[in-house]
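Take a look at the model below.

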Amino acid sequence: MEAEQRQQYLNISPEIQSLGGLVTSLLRRSTELTDIAEALLQIRAMDLSEEQRAQLPSLLSALAYGLMSRSQSAGDPADLDTAISLQRRALDMTPAGHPNLPGYLSSLGGLLCLRFESIGDLADITHAISSQRRALALTPGDRGDRPSLLSNMGRSLQSRFERTGDMTDLVEAISLQRRALDLAQEGYEDLPIILTTLGIAFCLRFERAGDLSDLTESILMLDRSVDMTPEGDEELPFRLDRLGGAFSLRFSHRGDIADITKAIAWQRRAVELTSEGHVYLPSLLTSLGDSFHARFEHTGEVSDIVAAITLKGDAIHRTPLGHSDLPSRLSSLGNSFCHRFQCTGDSMDLIKAICFQSRAVGLTPEDDTGLPSRLSHLGSSFLSRFENTDDVSDLSEAISLQQRAVDLTPEGHTELPARLSSLGRSLSSLFEKTGEPGDMEAALSAHQNAIQLAPPDHGDIVRFRFHLATTWYKRFVSSGISEHLDASIGYFQSAVATLFGRPRSRFAAAKQLAQILNRHRPHSPDVLGAFETAVRLMTLVAGLEQTVRIRFATVEGHAQLPLEAAATAFRHGQPDKALEWLEQGRCLVWGQQSRLRTPLAELRDHDPILAERVSIISRQLEGASSARSPGPSAHIAHKLSIEDGANNHLHIAREWDALLTKVRDIPGFEAFLQPSPASAIVRYLPESGPVLIINISKDQCDAVALLAGLDEPMHIHLPLFSFEKASKYRRALDGELRSGGMRASGAYFDTETDAGVPGRLLMPQRKARSRTEVGVRSVLEGLWKEVVKPVLDSLGISKGNNSSKDRLPRIWWCPTGPLSFLPLHAAGVYGGSNAESIMDYAVSSYTPTVAALSERIKTNRLVDERVSGLFLTCQPNAASALAIPGTTNEVLSIYKELAANGIRSLKLEGEAVTADECLEYMGRYSSIHLACHASQNATEPLQSRFLFHKGTLGLNTIMQRDLKNADLAFLSACETSTGQETLSDEAVHLAAGMLAAGYRGVVATMWSIDDQHAPSVANDFYEYLLSGRRVGAGSRFDGTLSARALHHATQRLRERLDNSDKSLLAWIPYVHWGY
């Protein structure tokens, strides 16, 4: 339209041309209506000749264009109404045959189309198309502006199609726009407009017919349009948004996370380039919100759905009542609220969802093509409320709405399969309530029709098959007929086998299939294959392209899967398979981060350039993965500001995948960074004792023992122990800790002992008022009799004596589930003539995974003598925390002992060292002793941290270090190996972070330690280490005997105390991690 106005200026007299320029300038720069009124008065007051009056239509048309521009930027609908009136006046003043008549007609059509898109009056779009059709009829084929006239009419036809769904309009629109593109030469001024309009048309046809080639063509044209649009062009935000919309649409079809990442990037830029108050802004905000919503459905990242709700709410706030897009925006916002409810369970979200969606349906005309979508979404919200409240009236409303949506959806529409599937879900729920066979038949019919109508490569085909499989399973549960179970299993298998489906949907199907087979056909050979696929897909949905926080959230919801899979493997007599699945599925995130640091010596020998690239990208990926994601309450501006980091993360993850493929194509490197088979896992094991994985599922408890020299894992069934007992013991121990003021993650704690000596908890709190029925000794005795002693007996490990205490075998514990929070290293009978404990039999350590231990053995490197030494720091008066004066004496005593033995060491207290400087010293000294406060963050585990006088040292930061010469870390602080309850099989504590950073051994604590006992434990520990130094060690510090040193130190503390629960809780928290 702008090009037409410029063309019309060419034959205007200089006086009027000058005034027209002034008017247009005023319209573009001013928001004062008085400027326009003054301009109109000047035109009327001028004494014009007949020739000059003949040029007035051009000026009126220019003025109409200016008003239209201002209405778009300022959002005042009155400007658009005035523009249409002026354009009609210009048209009325133009005689038939005048060369400007086609342009005026086309311009009027464009203005009417804009008003239709705003208020939705079909009369406007009908008149628009009529005017533009007449303009084309009056335009010679060789006229220069014919491509623009064709494109303008095509846009109007598209707009009418979006309202009515009449495919003839869309077919004609694409035909006109193709002709416009054919006529437009390279360099044609309106070529970007033509490309954009045609690109949008292809998107619309894809949404209706589902032909992926249309979407590919759309992206190519929209991308070309954006490339041709200069910075500062007022149309650039609109074109960026449409390009982002096309990528978002392709993501919904293919599920490629790269597409939605691009969509968000383009749409974010569109929003940033759009001025406050611009008429486009609500649409741009909604589009960006839709893309965040789509990514949430893929990743489960709560901050994405929060961003979607914020953006869409802002868009509605800016949308005037009566605007034609208001119903679609209300429905979209309601849909996001419904999805957030499904994630958080907040019933207020569901109330808002139904409120917004009901309003959207009420505002939508019966003939609007958007009505079926809004009905279906509202029905889904009612279904969600039924599932939450069991109110059958909600279910009836859901079915009514979804059936109406299906009835209104034309044959061949791409959304028909999804709407049928939604209807099938509701009908399936109705069958569960009524038991009526007709309801089940209707549900199955809807699901089967959805699958039949969806193309094989439909983005939601896995979900459709999953819902059909689930419905068949419900029928089997009701009927008990084996053929119904066969049908369910068959569709689950089909869903899992769909290679192009979304990984989350395939994982859900695989998990459900494995559990159904395990429940109903536990002896079927298919059950092992199902679990293998489920565990593999679990690692895929928690892939490295996600942030660590998202991966933790994914793992949290499926923590029982690898344990259940292992239990099944044990029952089938395959402990090697159990071992593999436990290694793959447990400590998943920790293992991923650790594998990024795999030594590359062999690859460097073969291809040093490729090895260096792998090293560089692994470091970049580790940093990107560990970057802090915005929390659910993060401000939208912050959310948008970190999107560049998300884009970079995805790019790095894609390059990492490409590098892995390249390495694995090299003969001999086919298994590079692949999950290890059992034969590889048992290849590097400690000579000094067994590694014991204790698997505890809901059905049974088993141990798998790994011993150096044995080629296969050893299965030890533990029939006396169970998941229920482990949970009971854990609750009992937690209650004892709370009542004694030794657990910092609860609500009632104290940080002083009865003698008034402070513990090393972060803040003072009250003790719990009640104690549990099961005491500490009962818990330890239960662990001894039901887990530890049966394992020792099976392994033939006998009790030592005083003369052999320094030669006791070592045991590495790798517990799972609730057992991860119980002190296996202290199991025993305390009191009576039969008193004994694990400490009489072996020296205990813990390891996150077998791989973590075997990698240490495989790459057992010597510490560089130049950095061998101990860095000590105490932080007795950290801000906002209780004073712990015992740390000062503790560190000073150790430092004096080291100095007396000539060992390289450095002691810095309080403000003498910052948290950042501590990281630097960790690289300069092979070992570290930290005596300070520690804080375990239950909601954000990676934000757990050590507190310094100056700053904090966080787990996230520690895990990103790669300390080549790290040896020993002694963490003399509270709860440094506590972990998080909902992530029992993920090593999310400070001790594991030190292992990840490279430390070979870590001394940590399971709960609060007493500031009175901590110095003596530390002194006894180092005394033992120093007594075992080799002759000629010089200034070197060696932490090799750290596990035995801790065993010795805790034994010494035991000897100074009695066997009361309080005394037991004083020495039990000290644990050793690593080699």
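**Helices side by side**

Helix α24 passes α25 in a left-handed crossing (the near helix is turned anticlockwise from the far one by less than a right angle). α24 spans residues 482-497 and α25 spans residues 503-520. They pack at an angle of about 150°, with axes 8 Å apart. Among the contacts (heavy atoms within 4.5 Å), Leu-485, Ile-489 and Phe-492 of α24 take part, as do Leu-513 and Ile-516 of α25. The residues of this contact divide into 10 nonpolar, four polar and one charged.

This is a predicted model: local features need pLDDT of at least 70, side-chain atom pairs count only at pLDDT 80 or more, and totals for chains, interfaces and linings use all residues. Residues are numbered from 1 along each chain as its sequence is written, and side-chain values use heavy atoms, without hydrogens and water.

Now move to α11 (residues 191-209) and α12 (residues 212-228). Their packing angle is about 155°, and their axes lie 8 Å apart. That makes α11 roughly antiparallel to α12 (angles over 145 degrees). This crossing is left-handed. Leu-195, Phe-202 and Phe-206 are among the α11 residues that meet α12, where Leu-215, Met-221 and Leu-222 are among the partners. The contact holds 13 nonpolar, four polar and four charged residues.

Finish at Ile-550, in helix α27 (residues 548-556). Is Ile-550 buried or exposed? Ile-550 counts as buried because its relative accessibility is 9% (buried means under 20% relative accessible area, with a 1.4 Å probe and protein chains only). Ile-550 touches Thr-299 and Glu-301, not counting residues up to four places away in sequence. Val-302 is 248 residues from Ile-550 in sequence, yet 8.9 Å away in space, C-alpha to C-alpha.

Notes. Axes fitted to C-alpha atoms, helices over the stretch in contact; angles between N-to-C directions. Helix = DSSP H or I, 4+ residues; strand = E, 2+ residues; numbered from the N terminus. Nonpolar A, V, L, I, M, F, W, Y, C, P; charged D, E, K, R; others polar. Parallel < 35°, antiparallel > 145°, perpendicular 65-115°, else oblique. Buried < 20%, exposed > 50% of the residue type's maximum accessible area, 1.4 Å probe, protein only.
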